[in-house]
Amino acid sequence: MQGVLTGFAVIAVVIGVGCLLGRGGHLGEHGREVLTRLAFHVASPALLFTTLAGADLSVVFSSRLLVTALSTFAVAGVFVAVGAARRWGVGRTTIGALCSGYVNSGNLGIPIAVYVLGDASLVAPVLLFQLVLVTPVALTILDLSGADGRDGPLWRRLLTPLRNPIALGSLAGVAVAATGLRVPAPVLDPLTLIGNMSVPAVLLAFGISLCGSTMPLRGADRGPVLLAVALKAVGQPAVAWALAAGVFGLRGDRLLDVVVTSALPAAQNLYTYASQYGVAERLARDAVLVSTVVAVPVLVAVAAVLG
């Protein structure tokens with residue numbers, strides 16, 4: 001219980017600081033945009049590279065990863081199907097699908113893994129899966145769905161993942177881990193320092209976006225937000241539990257691990273992606289905010305029932 005509350009408290013404080021900065025105008029008129037671009041183009045790629053460069057890629061073959069992948073595809077697929085039927089558009093549907101199944105495995109998942117599950121490495125499978133596969137694919141779709149992506153030549157479209165800083169940082173980190181190369185300290189240390197800005201920048205930008213904005217669950221995005229939150233808070237952990245217990249036969253702590261990680265709320269960096277591409281920003285903001293609030297009782301209930 002303490003780990004769940006501690007993780008959420010840390011996030012709430014930093015977001016609150018961002019809201020105060022926005023209310024006081026301390027970062028100027030374009031403070032949120034600067035923080036978003038800093039996170040997207042510089043800090044997040046550095047963080048992903050340093051994280052994945054030292055990762056144990058053997059975790060990709062674990063049963064935990066299969067449960068995570070299947071539950072993610074299941075809830076994202078539901079949102080995509082509804083989005084296609086309701087004609088929400090490629091960009092909006094992509095952001096909504098991410099909000100339905102892309103969990104906050106970093107700045108919230110790590111502290112909860114430490115305090116609730118007792119091992120920070122237990123979030124590694126979902127972290128790797130999201131960074132190596134989900135993020136590059138989703139951002140490529142967003143790139144190609146924009147005007148530049150649709151109108152560019154074929155060779156440019158094929159090289160889209162290699163032009164995206166988030167995807168490039170992830171792929172470079174995986175390449176280093178796969179080859180067993182050791183990054184020299186003079187190279188790794190500056191990247192680590194820069195990468196440490198990623199989470200605070202994302203949370204501060206998110207807090208600034210809340211300042212002076214309308215209440216969530218209103219307007220044209222109310223339906224997509226409610227669907228994404230329902231899939232994230234209830235659908236994904238339910239699917240993960242069914243797969244882990246019924247298909248893979250996981251019990252005890254292993255079952256608790258996968259259900260807790262699946263019950264984590266939507267990641268704040270999804271708002272960064274939406275802002276960077278100028279699509280479904282309200283949807284991403286509201287889905288992240290509401291799923292984070294709803295995740296508190298959900299995670300407490302999961303820990304009480306399976307713990």
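**Surface patch and helix packing**

V90 lies in helix α4 (residues 90–101), helices being DSSP runs of H or I with at least four residues, numbered from the N terminus. The model is predicted, with local features requiring pLDDT of at least 70 and side-chain atom pairs pLDDT 80 or more, while totals for chains, interfaces and linings use all residues. Residue numbers start from 1 along each chain as its sequence is written, and side-chain values rest on heavy atoms, with hydrogens and water left out.

V90 belongs to a nonpolar surface patch together with F73, V132, L133, V137 and I141. Patch residues have over 30% relative accessible area and no salt bridge, and nonpolar side chains (Val, Leu, Ile, Met, Phe, Trp, Tyr) are joined within 5 Å; a salt bridge is a side-chain nitrogen of Lys or Arg within 4 Å of a carboxyl oxygen of Asp or Glu. The accessible area of the patch is about 480 Å², computed by the Shrake-Rupley method with a 1.4 Å probe, with only the protein chains shown counting as cover for residues. Helix α6 (residues 124–145) contributes the most to the patch, with 4 residues.

Helix α2 (residues 31–53) packs against helix α10 (residues 165–179) at an angle of about 20°, with the axes 7 Å apart. Axes are lines fitted to C-alpha atoms over the stretch in contact, and angles run from 0 to 180 degrees between N-to-C directions. The two helices, α2 and α10, are therefore roughly parallel (angles under 35 degrees; over 145 is roughly antiparallel, 65 to 115 roughly perpendicular and the rest oblique). Residues of α2 in the contact (heavy atoms within 4.5 Å) include F40, P45 and F49, and those of α10 include I166, V174 and V176.

α2 also packs with helix α15 (residues 269–277), at about 110° and with axes 10 Å apart; α2 and α15 are therefore roughly perpendicular. Among the residues meeting here are R32, R37 and F40 in α2 and Y271, Y273 and Y277 in α15.

Helix α14 (residues 252–262) and helix α16 (residues 281–306) cross at roughly 170°, their axes coming within 10 Å. This makes α14 roughly antiparallel to α16. L255, L256, V259 and V260 of α14 contact L299, V302, A303 and L306 of α16.

Conventions
Patches are made of residues with over 30% relative accessible area and no salt bridge: like charges are joined within 9 Å, nonpolar side chains (Val, Leu, Ile, Met, Phe, Trp, Tyr) within 5 Å.
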